[in-house]
Amino acid sequence: MQNSPMFSIDIMLKEMKQDAIKNGKTDPEGVLARLEKGVREAVSRLASDAERINVINAGRMNHGKSSLLNSIMDSDVFKVNDVRETVVNRRELYRDSIFLTDTPGLEADAEDDSEAFNVYSNANFILFVHTLRIGELHSEEISYLKRLREMFPGDYLNTHLAIVLTFIDSYKPDEIQAIKDKITASLQSELGMDNVRFFEVSNSRYRKWQEETDEKKKQAFLKGSGICAIRDFITEQAPVWQSENRALKQGQLKICQEKCIEIADSLRAPLNERLQKFIDVSNQCGTIQKKQSDNNAAIKAAKSKLKSLKSRLKKKKEQWESERDYDDDDD
């Protein structure tokens with residue numbers, strides 16, 4: 001599937017502002033035209049997006065983000081490499097109306113970072129991928145999670161984010177538990193997040209499941225990969241997320257409407273000024289039209305008087321010529 005950008009109210013409002021600035025000054029009529037277009041677009045896109053469920057990954061490069069989504073999809077649709085491959089958000093249909101989105105990640109530059117955060121406001125669930133190879137969460141990951149938390153109301157992120165621990169095949173259960181305990185403590189102390197869900201996965205075991213021919217070993221690799229647990233969770237939660245999604249989109253639309261009204265109110269003064277100028281010009285045109293009408297009436301009256309004078313002059317001339325011919329006959 002080709003990349004399909006998700007609708008963002010913030011982007012729409014930013015475009016409105018850009019469209020409004022022309023030649024270094026604000027064009028109120030342009031803003032209002034963009035507002036009308038934007039609200040119509042918001043209603044249409046939010047209604048469409050309300051039916052879609054968006055599961056989005058997050059995390060640092062080389063932590064297994066893209067590999068995780070490939071395992072869930074059971075298809076190599078997301079690029080995987082030791083160098084940065086994901087520089088834009090890539091969204092693929094998983095099943096029904098559920099989409100998986102691969103993001104640039106934590107070590108992106110400012111532009112890529114903005115690209116990643118553009119989609120998180122549309123997330124029904126975020127899979128925050130962290131490799132066990134570096135132990136507990138790094139400071140960059142904590143900062144990233146703080147930014148994510150600020151995007152959502154209340155404790156929404158607590159129940160709409162999971163920490164996905166990758167490369168579990170390299171660690172013993174007690175080692176994994178020790179790292180989980182440290183991460184749990186960090187989430188609680190740094191972000192005030194309690195009871196965050198964990199998933200433990202091994203993409204390499206999933207690869208072995210794909211390649212293995214022995215059925216017994218195959219099932220062991222699949223169970224040990226942890227991928228089925230994520231798939232089952234997504235399937236179970238999908239109806240709940242869709243219901244939440246509809247309510248969320250309605251809230252976003254309300255915010256959009258409020259912001260648009262606020263922008264429209266800010267245009268009252270310049271629009272009233274332009275309206276007054278239009279009224280002044282209209283009045284001037286009325287005065288000019290009246291003068292022109294008066295002048296036309298005066299010209300018409302002058303023409304009529306001139307015509308009358310010409311008629312009288314003609315009669316006088318005819319009378320004079322008649323009298324002159326009479327005098328000549330007497331001689």
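This is a predicted model: local features need pLDDT of at least 70, side-chain atom pairs count only at pLDDT 80 or more; totals for chains, interfaces and linings use all residues.

1. The secondary structure of the protein comprises 11 helices and eight strands. Of the 331 residues in the protein, 37% are buried. Among contacts between residues at least 6 apart in sequence, 73% join residues at least 24 apart.

2. The sheet deserves attention next. Six strands form an open sheet, and their order is S4-S5-S3-S6-S7-S8, with mixed pairing. Strand S4 (90–95) and strand S8 (197–200) stand at the edges; each has a single partner strand, so one side of each is left without a neighbour in the sheet. On average, neighbouring strands of this sheet are turned by 25 degrees against each other, direction ignored.

3. Strand S3 has two parallel partners. Four bridges join S3 to S5, and the two strands run parallel; here Val55 has Leu100 in S5 as its bridge partner. Five bridges join S3 to S6, again in a parallel run. In this second pairing, the bridge partner of Asn57 is Leu127 in S6.

4. Is S3 mostly covered or uncovered? S3 is mostly covered, since seven of its seven residues are buried. In a regular strand the side chains alternate between the two faces of the sheet. In S3, Ile53, Val55, Asn57 and Gly59 lie on one side, while Asn54, Ile56 and Ala58 lie on the other, and all are buried.

5. Helix H10 (residues 227–266) lies across strand S3 (53–59), S4, strand S5 (98–102), S6, S7 and S8. The helix H10 runs at about 130 degrees to S3.

6. How do helix H8 and helix H9 lie against each other, roughly parallel or roughly antiparallel? The axes of H8 (residues 203–211) and H9 (residues 215–225) come within 8 Å and cross at roughly 155 degrees. Angles over 145 degrees count as roughly antiparallel, and so H8 is roughly antiparallel to H9. The crossing in which H8 passes H9 is left-handed.

7. The residues of this helix contact can be listed. From H8 come Arg205, Tyr206, Lys208, Trp209 and Gln210, and they meet Lys218, Gln219, Phe221, Leu222, Gly224 and Ser225 in H9. By class, the residues of the contact of H8 with H9 divide into four nonpolar, four polar and three charged.

8. Asp96 is not a glycine, yet it has a positive phi of about 50 degrees. Asp96 is placed in the loop between S4 and S5, and with a relative accessible area of 70% Asp96 is exposed. Phe167, likewise not a glycine, has a positive phi of about 65 degrees. Phe167 is found in the loop between S7 and helix H7 (173–191). At 23% relative accessibility, Phe167 counts as partly exposed.

Note on methods:
Residues are numbered from 1 along each chain as its sequence is written. Side-chain values use heavy atoms; hydrogens and water are left out. Axes are lines fitted to C-alpha atoms, for helices over the stretch in contact, and angles run from 0 to 180 degrees between N-to-C directions. Angles under 35 degrees count as roughly parallel, over 145 as roughly antiparallel, 65 to 115 as roughly perpendicular and the rest as oblique. A crossing is left-handed if the near helix is turned anticlockwise from the far one by less than a right angle, and right-handed if clockwise. Contact means heavy atoms within 4.5 Å. Ala, Val, Leu, Ile, Met, Phe, Trp, Tyr, Cys and Pro count as nonpolar, Asp, Glu, Lys and Arg as charged, and the others, Gly among them, as polar. Two strands pair if DSSP finds at least two bridges between them. Buried means under 20% relative accessible area, exposed over 50%, partly exposed in between (1.4 Å probe, protein chains only).
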